[in-house]
Amino acid sequence: MTTVVLADDEALLRKALAALLPLEGEITVLAEAEDGADAVRATLEHRPDVLVIDLEMPTVDGLGAVAEIRRTLPDQVILMLTRHARPGVLRKALKLGVQGFVSKSAEPAHITSVIKTLHEGKRWIDPDVSALAVVDDNPLTDREVDVLRATREGFSVADIAAQLHLAEGTVRNYLSNAMQKTQTRTRHEAARYAREHDWL
């Protein structure tokens with residue numbers, strides 16, 4: 001028997017999966033969560049064999065929830081459901097150690113078999129999801145991403161420089177490059193643009 005926690009803000013899909021997964025195989029749904037914060041609480045409380053979590057959720061998204069869970073449960077097995085996995089998101093999820101990706105439009109029988117695959121210690125990425133991951137459209141360097149991420153969190157150039165152990169002039173250069181690449185006028189616009197394209 002494989003135990004799971006289901007996290008998805010779409011109640012209809014979540015309820016359908018909660019009802020269908022046990023019918024498809026030996027799966028017990030321990031808890032349901034409707035957002036990322038809920039997913040963290042339920043996972044830490046129930047310690048499921050596999051956490052099945054939606055990528056896009058309100059308050060804390062799937063990646064934020066996974067990062068939080070990893071701090072306490074570094075070995076938690078995670079299956080991420082996604083509608084449109086963009087390269088930046090996939091890379092971030094893989095860095096966080098997510099073991100599986102399945103399209104939200106997949107049949108419950110397929111999701112069940114992937115849950116079992118992950119529970120056996122293997123990995124799984126749906127072919128349509130992995131095809132998207134290969135297309136890398138991010139023109140920003142790692143350092144440009146770092147300064148835009150800090151900008152998005154509201155830090156000043158001086159704060160960013162101190163945080164990243166860089167000179168303020170160097171931070172300004174990175175921001176200027178990022179603004180050119182995103183064709184935006186301010187660092188805040190550049191950070192917003194990069195966030196919308198899942199480059200941060």
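Tutor: A crossing is left-handed if the near helix is turned anticlockwise from the far one by less than a right angle, and right-handed if clockwise. Keep in mind that this is a predicted model.

Student: At what angle do their axes cross?

Tutor: Roughly 60°, with the axes of H9 (residues 168-182) and H10 (residues 187-196) coming within 9 Å. The two helices are therefore oblique to each other.

Student: Which residues make that contact?

Tutor: H9 contributes Leu175, Ala178, Met179 and Thr182, while H10 contributes Arg187, Ala190 and Tyr193. By class, the contact of H9 with H10 has five nonpolar residues, one polar and one charged.

Student: What about H8 and H9, at what angle do they pack?

Tutor: About 105°, and the axes of H8 (residues 157-164) and H9 are 9 Å apart. Angles from 65 to 115 degrees count as roughly perpendicular, so H8 and H9 are roughly perpendicular to each other.

Student: Who touches whom there, i.e. which residues make the contact?

Tutor: On H8, Val157, Ala158, Ile160 and Ala161; on H9, Glu168, Val171, Arg172 and Leu175. That contact has six nonpolar residues, no polar ones and two charged. Leu175 of H9 also belongs to the contact with H10.

Student: Switching to the other end. H2 and H3: parallel or perpendicular?

Tutor: Roughly parallel, because the axes of H2 (residues 36-46) and H3 (residues 62-72) cross at roughly 25°. They come within 9 Å.

Student: And is that crossing left-handed or right-handed?

Tutor: H2 and H3 make a right-handed crossing. Gly36, Ala39, Val40, Thr43 and Leu44 of H2 meet Ala65, Glu68, Ile69 and Thr72 of H3. Sorted by class, the contact of H2 with H3 comes to five nonpolar, three polar and one charged.

Student: How many residues line it, and which lie nearest its centre?

Tutor: The second largest pocket has 14 lining residues, and those nearest its centre are Lys95, Asp142, Val145, Arg149 and Trp199.

Student: Which helices supply at least two residues of the lining?

Tutor: Helix H4 (87-95) and helix H7 (142-152) each do for the second largest pocket.

Student: What is the lining like by class?

Tutor: Seven charged residues, four nonpolar and three polar line the second largest pocket.

Conventions. Residues numbered from 1 in each chain as written. Predicted model: local features only at pLDDT ≥ 70, side-chain atom pairs only at ≥ 80, totals over all residues. Heavy atoms only, no water. Axes fitted to C-alpha atoms, helices over the stretch in contact; angles between N-to-C directions. Helix = DSSP H or I, 4+ residues; strand = E, 2+ residues; numbered from the N terminus. Parallel < 35°, antiparallel > 145°, perpendicular 65-115°, else oblique. Contact = heavy atoms within 4.5 Å. Nonpolar A, V, L, I, M, F, W, Y, C, P; charged D, E, K, R; others polar. 1 Å grid on protein atoms, 1.4 Å probe; cavity = no way out; pocket = protein on both sides within 12 Å on 5 of 7 lines; lining within 4 Å.
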